[in-house]
Amino acid sequence: MANVKTEYIEKLLNTIQIENKIVKDSKNFDNKDKESIAYFRNYYIDRITKEPITLTQLKSITNNILTFWRESIGIDTELFWIELKENNIDFERKDEINFALEKNRFRRVDVGIGARKYWTVIKDFDSIRKRFSKVEIEKISLIIENDEKTRLEILKKCLRKKEIPQTQRLKYGECWAYMSQCGLLSKYFSKEEIEELHNL
């Protein structure tokens with residue numbers, strides 16, 4: 001049991017180091033995010049190396065660390081899992097791309113945002129080409145395109161009606177966040193329309 005735990009600790013500490021490198025070199029995390037990740041990384045390293053800790057607690061820490069990497073689509077996410085594989089670290093990946101292929105949609109708006117922002121780059125990664133067929137890669141491109149169109153239509157409908165229906169408030173917020181974070185507002189709307197959408 002001690003050996004299993006020692007190996008697990010080593011694997012987890014290596015994972016934290018890989019996360020550190022990916023985040024530090026990333027252009028996709030802002031300084032606030034980098035500081036937050038660094039804080040938690042140091043907190044977990046202290047817990048793992050300085051406190052008596054059970055294997056169950058280690059697995060809980062692992063899940064906390066891996067949540068972002070399991071629930072996102074992006075350049076850094078792909079690089080993280082590539083690094084883990086190259087270092088023979090076998091933590092399970094719950095791939096959001098698989099979910100999108102199965103359900104024909106993204107699980108949450110933030111996953112859709114990641115896909116919209118980074119898919120044109122990561123679809124050519126070897127890691128993607130090895131995991132998915134050409135047809136599946138094309139299908140993801142289509143899911144992204146349809147996601148964008150659906151969100152655009154919701155905003156246009158609200159703009160036409162000059163109101164956000166009570167039942168659509170959450171969806172409206174998600175659509176606004178999607179268009180805003182993907183830099184698409186000015187592609188589809190005039191300055192006046194953006195102002196009007198903002199004030200609805």
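This is a predicted model: local features need pLDDT of at least 70, side-chain atom pairs count only at pLDDT 80 or more; totals for chains, interfaces and linings use all residues.
## Pockets

Four helices each supply at least two lining residues to the largest pocket: H2 (31-50), H3 (55-70), H4 and H6 (109-122). H6 gives the most, with six residues. By class, the lining of the largest pocket comprises twelve nonpolar, eight polar and eight charged residues.

The second largest pocket has a volume of about 350 Å³. It is lined by 13 residues, of which Trp 81, Ile 82, Lys 85, Ser 127 and Arg 131 are the closest to its centre. Two or more lining residues of the second largest pocket come from H4 and from helix H7 (126-131). H4 provides the largest share of this lining, six residues. The lining of the second largest pocket divides into seven charged, five nonpolar and one polar residue.

Helix H5 spans residues 96-103. Within H5, the residues Glu 96, Ile 97, Phe 99, Ala 100 and Leu 101 are buried. The cover over these buried residues of H5 includes H3, H6, H7 and H8.

Both ends of H5 have a local feature to note. At the start of H5, a side-chain oxygen of Asp 95 comes to within 2.9 Å of the backbone nitrogen of Ile 97. After H5 comes Asn 104, which has a positive phi near 65 degrees.

## Residues with positive phi

Most residues other than glycine have a negative phi. Asn 88 is not a glycine, yet its phi is positive, at about 55 degrees. Asn 88 is located in the loop that runs between helix H4 (75-86) and helix H5 (96-103). Asn 88 counts as exposed because its relative accessibility is 69%, and the cut-off for exposed is over 50%.

Lys 162, likewise not a glycine, has a positive phi of about 60 degrees. Lys 162 lies in the loop between helix H8 (134-161) and helix H9 (169-181). With a relative accessible area of 53%, Lys 162 is exposed.

## Cysteines

A disulfide is a covalent bond between the sulfur atoms of two cysteines. Zero disulfides are found in a search of the whole structure. For Cys 175, the closest cysteine sulfur is that of Cys 158, and the two sulfurs are 7.9 Å apart, so they are too far from each other for a bond; the cut-off for a disulfide is within 2.5 Å. Cys 175 is buried, with a relative accessible area of 0%.

Cys 182 is also in no disulfide, and the nearest cysteine sulfur, in Cys 175, is 11 Å away. Cys 182 has a relative accessible area of 15% and is therefore buried, the cut-off for buried being under 20%.

Methods
Residues are numbered from 1 along each chain as its sequence is written. Side-chain values use heavy atoms; hydrogens and water are left out. Buried means under 20% relative accessible area, exposed over 50%, partly exposed in between (1.4 Å probe, protein chains only). Ala, Val, Leu, Ile, Met, Phe, Trp, Tyr, Cys and Pro count as nonpolar, Asp, Glu, Lys and Arg as charged, and the others, Gly among them, as polar. On a 1 Å grid over the protein atoms alone, a cavity is a set of points where a 1.4 Å probe fits but cannot get out, and a pocket is an open set with protein on both sides within 12 Å along at least five of seven lines; lining residues have an atom within 4 Å of a point. Grid points are joined across faces, edges and corners, and a volume is the space filled by probe spheres set on the points. Contact means heavy atoms within 4.5 Å. A polar contact is a pair of N or O atoms within 3.5 Å; within protein, one must be able to donate a hydrogen and the other to accept it, and residues adjacent in sequence count only if both atoms are side-chain atoms.
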